[in-house]
Amino acid sequence: MAVEEHSAPTSFVQKYIFSQDHKVIGLQYIFTALFMAIVGGGLAVMIRTQITWPEKAMVTPEAYLSLVTMHGTIMVFFVVSLALVSGFGNFLIPLMIGARDMAYPLLNMLSYWTIVPACLLVLVSFVVEGGAAAAGWTAYPPLSALPEAVPGSGLGQTLWLLAMALFIVSFTMGGLNYIVTILNCRAKGMSLMRMPLTIWTYFMSSILGVLSFPPLTAAAIMLLLDRHGGTSFFLPDGLVFNNEVLAHEGGTPLLFQHLFWFLGHPEVYVLVLPGIGITFDLIATFARRPVFGYKTSVYALVVVGFLSMIVWGHHMYVTGMNPYVGEYFSVATVLITAPFAVLGMNLVASLWRSRIRMEVPMYWALGTVAVIGLGGFGGLFLATSISDIYFHDSFFVVGHFHLMIGVVTVLSIFAGLYHWFPKMFGRVMNARLGKLHFWLTYVPMVTLFFLMHLQGMSGLLRRYYDHSIYEFQKPGQELALAITLLTYTAFAAQGIFFWNFFRSMFSGEKVGENPWNATTVEWTTPSPAGHGNWPGALPVIDRHPYDYDPAAAEDKDYNPQGVVA
Amino acid sequence: MTSSAVELPAHGADLRPRAGDIMCIVLLGVVAMLFAGFTAAYFIRRPSPDWVPIAIPSWSWLGTAALVVSSALLEGARRRQNRSLLGASILLGFVFLGSQVLSWNELSAAGVYLPSTPHGSFYFMLTAVHGVHLLCGLLALIYTAVRRAEIRWVAGYWHFMGLIWLYTLLLLAN
C-alpha cells in the first residue's frame, strides 16, 4: 500500500502528463528513453561514418569530440538508466511486490519531471555556441574545467554539468523511492526471499545508486567552482593557454578521476543488475521451471554490489598509481568474477532439462545470457593491470564496455518490453517482427563489438578523429568498414521495432491477464492494470516466485505467486 | 513443486520498519556519502605546496553553539511534543545560517576569497553545501511547525546536519 494515497486521476493531464501512477511514470520514462535512444543512436552512426571515411571530413574535429561525448552521456544516463532503471523499475516494482503504487507517488512524479529539463538541456547543448560538451562522457579536467580549452568546453560543458546535476537529483529521488517501496510496501506474505529476482536487482541497484552518486555530485560542484569560481581543486600548476600561464595552481586532475569512477564503476552495476534480474525472470517463465539457485543468486547479487564499490581504480591503471594499489584493484576486480560466475551459472543451469518455449522475449533473454559471458570474458583482460596498460584507451575497451552496458542492457530492455508489453497495453507485439528485430539487432551488435576487441588488440585507439594519419593504427582500420556497415544494420533494424511497438499498441492481438502463464504476481491483475493495480483486495503471497512444475502437463505447470481474494 | 505453498511467515506487514524511518536513514546515507566525497578531496588536495591554512572565523564558533542548542531544543520538542521548543529550535537554525554568512564576511574582510587559497575554497564550499542542506532542514521544520506534522524524521535529519557540521568544522579546523 502506498504510504501516501492518491485518488484516481480525473483529467487527461492528471492521467497522462502530471501523473502520480507508477505505471504511467514508468512508461513516460520508457518513451523518453526511446526518443533519446534515437538521438544517441544517430550520434553513433555519425561517429562511425566519420572514422570510416575520415578523408570526407563529415564533421570538424571539435564537433567529433562532441559527438563522442554526447553519445556516451546520452546512452548511459538518458537511455539505459532511464529505460531500464527508472522506466522498468517504476513500472515493475509495485506490480511485482503486490503494492498499489510506489511509497511516494508525488516524489515519483517530481523525479520524472526533473529528468525532462535535463534531457532538454542535453539536446539544446548541441546548438549553443561552441557546440555540446567535448571532454568525454567522463568529463575529465582540465579539458572540462577550462571554459576556453576547446569550443565544447564553453557553454556546452556548463549545460552538460547542469543536466547531470538534474539527472543525479532525479535518480536519487527515484532510488530513495525504490528502497522504501521495496522494504515497506510488499504485499502480505511477500517476504524478502519471496521477491522475484528482478526486484532484488532493483533493490541492489538502488542502494548502489544512492551511495555512489553523491561523491560525483561533490566532484561536479568542485568542477563548477573551478570553471566559474576561480578555484583550483582539479587544475594543476603551469597550465599554459594562448601563451599565457593560467593562475590556477596546486590542483590535481586525478582527484576528479577518483571521484568520477567511484560513481562510474558502480553505475555499470546499477545498469547491468536490473538487466540480469529481468533475464532471470524471463528464463524461469519460458524455461518453465524455477530458477536454479535463487538464494545463491541473491547472495551473489549482494556480493557483486559490495565489490563493485571498491574497484573503481581499474579505470585508472595508467595514471601512474602505486603498483601495489593497482594490484589491489586488479585482485578486487577479478574477485567479482566469482559472484558473477554464480549468477551466470544459475542462469544457464535454469535451462537444464527444461521445456523451453521460444517466444520472442526468450530470444532476447537468451541473448542477454550469452553476452554476459562474452562481455565478461573481455573484462578479465582489462581487470588485470598488466594487460590493461596495453589495452587502455583502445577499441578493446570500447568493445568491452559496449557489450556489457550497451548490449546486455539493450537486450534486456527489449526482453522486458516484449515480455511486459501485454501488462502495459493489454496486447502482444507481433512475434514474427519481434524475431526479425532480434536477429537483425543481436547478430550485428555482438559481431561489431567483438570486432572492436580485435581492433583494440591491433592498437587502434578510441576517440581519434582520423586514424589514417598514424602508421601504427592502419592495421586496425581494416575492420572499420565492416563495423560501420553492421552499425548501420543494427540502427536501421530498430525501425522494425518502432513500427511493431506503436502498431501493436493500437492493433496488436488482445490478451488476457497472464498470456505467458507466468507465476510472478503482476500477472494476477488485468492487463493493462488500472489505478491501484488490483481491482479488488491486494493479493496475498503464499509461495516463492517461480513455482513452475516441469513434470506437469503444459498449461497446468505453473502456480501464480499471489492469491487474489 | 506444486506443494510448495507454505505457511505465511510469522511477521506481518505491520512489523516492517516505517516508510519514513527507511527514507530518513537512506537520505542520511546519501548526505553522508556526499561529505565523504568532499573529505576524500580534502585529504588529497591538502598536501599540495600551495595549501595556505586559514583561521576558522570566530562567527563559526557562535553558529556551532547555536546549532547544538537548536538540536537539543528540537529533541525536547520531539519528546514532549512541545511546539514552542520547536519554534526556538527553528530560530536558532536561522541564527546559525546568519552566523555562517557573517563568517564569510569575516574571511573576505581578511582578504580570503573563494579562489585565494585551497583551504579557503574548501571552507566556502563546504559551508555552502552544508548550509543548503541545513536550509532544506529548516524548511522542513517550518513545514512541520505549520502543519503540526510528526517531528520524528525531521528531527533525525536536523541532528544529523548538526553532526555533519561538527564533522566539517573538525575537518576544516585541523
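User: How many residues of chain A are in contact with chain B, and which helix of chain A supplies the largest share of that side?
Analyst: In this predicted model, 35 residues of chain B meet 39 residues of chain A. At least two residues of this side of chain A come from each of helix 5 (155–184), helix 6 (197–228) and helix 7 (253–287). The largest share, 10 residues, belongs to helix 6 of chain A.

User: Are helix 7 and helix 8 of chain A roughly parallel or roughly antiparallel to each other?
Analyst: The axes of helix 7 and helix 8 (residues 294–308) of chain A come within 10 Å and cross at roughly 165 degrees. Angles over 145 degrees count as roughly antiparallel. The two helices of chain A are therefore roughly antiparallel.

User: Which residues of helix 8 of chain A make the contact with helix 7 of chain A?
Analyst: Helix 7 of chain A passes helix 8 of chain A in a right-handed crossing. Helix 7 contributes His265(A), Pro266(A), Tyr269(A), Leu273(A) and Phe280(A). By class, this contact has 6 nonpolar, 4 polar and no charged residues. From helix 8 come Ser297(A), Leu301(A), Val304(A), Gly305(A) and Ser308(A).

User: What is the radius of gyration of chain A?
Analyst: Chain A has 16 helices and 6 strands. For 565 residues the globule rule gives 24 Å, and the computed value is close to it, so chain A is as compact as a globular protein of that length. The radius of gyration is 24 Å.

Terms used. Residues numbered from 1 in each chain as written. Chains lettered and ligands numbered in written order. Predicted model: local features only at pLDDT ≥ 70, side-chain atom pairs only at ≥ 80, totals over all residues. Contact = placed C-beta atoms within 7 Å. Helix = DSSP H or I, 4+ residues; strand = E, 2+ residues; numbered from the N terminus. Rg over C-alpha atoms; globule rule 2.2 N^0.38 Å. Axes fitted to C-alpha atoms, helices over the stretch in contact; angles between N-to-C directions. Parallel < 35°, antiparallel > 145°, perpendicular 65-115°, else oblique. Left-handed = near helix turned anticlockwise from the far one by under 90°. Nonpolar A, V, L, I, M, F, W, Y, C, P; charged D, E, K, R; others polar.
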